[in-house]
Amino acid sequence: MMRAPRPSPLIEVRPYRLPLLRPLRTARGVREAREGFLVLVRDDGLVGRGDAAPLPELGTESAAECLAQLQGAGLDGLPETPAARCAVEQALLDLESQRAGVPLARLLDPGAPLRVPASALLSADSVPDLAREAQRAVAEGFGTLKLKVGLEDDYARAAVVRDASGPDILLRLDANGAWDAPTALRKLRDLAPLGVELCEQPTSDLRNLDGAAIPIAADEMVATDPEGALERAQVVVLKPMLLGGLWRSLDLARRAHARGLRVVVTSSLESAVGRAGAAHLAAAVLALGSQPAAGIATGRLFAEERDGDPFEPRGGIVHIPAKAGLGLP
């Protein structure tokens, strides 16, 4: 008996805007909200979910370009631009892992653990508020705190976080490419006595930083100059939204691991759907071996995202649901 053909999967695009609990100040400016598009792919009673949250200042397409790519997307090929590609690929991987009956992380790598240590990104502006935020994060069980630098008061802010968190907590810095090489070397030398785990993207290209007093991580440049990142950094930071998806990110993680580099997976301040994809990627990367804490605990920065989020860290650990697919409700 001839079977009826399966209907083609349906792609739905939903815009979103997520206000932050407080404005996030970085060397690139101040962000008060995050905007993007949820992507739903329906097939045979299942729903796969992805997130496209473009960051054109970091090399992705614009929001308008992203929407056009998503609206024109089919299942015979992925979109060309990175954020749109990331969303559609994740939705399809969500569907594939649901059909396979495994968490998405174990579709990426069967050896992926389901526990991922996470760092806490601190966003308070004033020094007293920053101290209180650091103390709360430590009380919640985070073992790594991340602080934006490249601002006027870097040392004072880093010092208060160190004092508030104690000597056993790892302190991670992120300069977002704010400095030139001589300034970076001087700043890192000044900050090193505080016991800094690493500094993400102290300069735009990481050239001429030999002898830096703090380990260097490549972040934004991984998307635009991956070879340079692998050559000049001790750590690579992988953001699937900037890199065009989970598979491309995992390939870069494996290349970095083969060179003896460490790998940090982070979200890009996107929705719970995007953070879920990043968490599954971080778990797959842990199948390569121990890595620094992943930057996937950013739901705590949003006003509307904390309730009912299965990827909210507990004791500083994100627990990947042992369910097929992304594991979102």
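Close-up 1. C66 is buried, with a relative accessible area of 0%, where buried means under 20% relative accessible area, exposed over 50% and partly exposed in between, computed with a 1.4 Å probe on protein chains only. The model is a predicted one, in which local features need pLDDT of at least 70 and side-chain atom pairs count only at pLDDT 80 or more, whereas totals for chains, interfaces and linings use all residues. Residues are numbered from 1 along each chain as its sequence is written, and side-chain values use heavy atoms, with hydrogens and water left out. The cysteine sulfur closest to that of C66 belongs to C86 and lies 9.7 Å away, which is too far for a bond. A disulfide is a covalent bond between the sulfur atoms of two cysteines. Here the term is applied to a pair of cysteine sulfur atoms within 2.5 Å, and a search of the whole structure finds 0 disulfides. C199 likewise counts as buried, at 0% relative accessibility.

**Close-up 2. The packing of helix α2 against helix α10.** Helix α2 comprises residues 82-100 and helix α10 residues 246-258; helices are DSSP runs of H or I with at least four residues, strands are runs of E with at least two, and both are numbered from the N terminus. The two helices pack at an angle of about 95 degrees, with their axes 8 Å apart, the axes being lines fitted to C-alpha atoms over the stretch in contact and the angles running from 0 to 180 degrees between N-to-C directions. Helices α2 and α10 are therefore roughly perpendicular to each other, a term that covers angles of 65 to 115 degrees, while those under 35 count as roughly parallel, those over 145 as roughly antiparallel and the rest as oblique. On the α2 side the contact is made by R85, E89, Q90 and L93, and on the α10 side by L246, W247 and R248, where contact means heavy atoms within 4.5 Å. By class, these contact residues divide into 3 nonpolar, 1 polar and 3 charged; Ala, Val, Leu, Ile, Met, Phe, Trp, Tyr, Cys and Pro count as nonpolar, Asp, Glu, Lys and Arg as charged, and the others, Gly among them, as polar.

**Close-up 3. The surroundings of S267.** S267 lies in the loop that runs between β11 (262-265) and α11 (272-286), and with a relative accessible area of 6% S267 is buried. Its side chain makes a polar contact of 2.9 Å with the side chain of T298; a polar contact is a pair of N or O atoms within 3.5 Å, of which, within protein, one must be able to donate a hydrogen and the other to accept it, and residues adjacent in sequence count only if both atoms are side-chain atoms. Not counting residues up to four places away in sequence, S267 touches K239, R275, A278, G295, I296 and T298.

Close-up 4. L198 is placed in strand β8 and, at 0% relative accessibility, counts as buried. Leaving aside neighbours within four places in sequence, L198 is in contact with L171, R172, L173, I214, P215, A217 and V235. Q201 is located in the loop between β8 (196-200) and β9 (216-218), and N208 is also found in the loop between β8 and β9. Phi of Q201 is near 40 degrees, a positive value in a residue other than glycine, and N208, although not a glycine, has a positive phi of about 60 degrees. Q201 is buried, with a relative accessible area of 1%, whereas N208 is exposed, with a relative accessible area of 63%.

**Close-up 5. L10 in strand β1.** L10 lies in strand β1, which comprises residues 10-26, and at 52% relative accessibility L10 counts as exposed. The C-alpha atoms of L10 and V41 are separated by 5.5 Å, although these residues are 31 residues apart along the chain. Not counting residues up to four places away in sequence, L10 touches L40, V41 and R42.

Close-up 6. G316 is placed in the loop between α11 and β12 (317-319) and is buried, with a relative accessible area of 7%. Residues up to four places away in sequence being left out, G316 touches V116, P117, A118, E140, G141 and F142. G143 is in the loop between α4 (127-139) and β6 (144-148) and counts as partly exposed, at 35% relative accessibility. Apart from neighbours within four places in sequence, G143 is in contact with I169 and L170.
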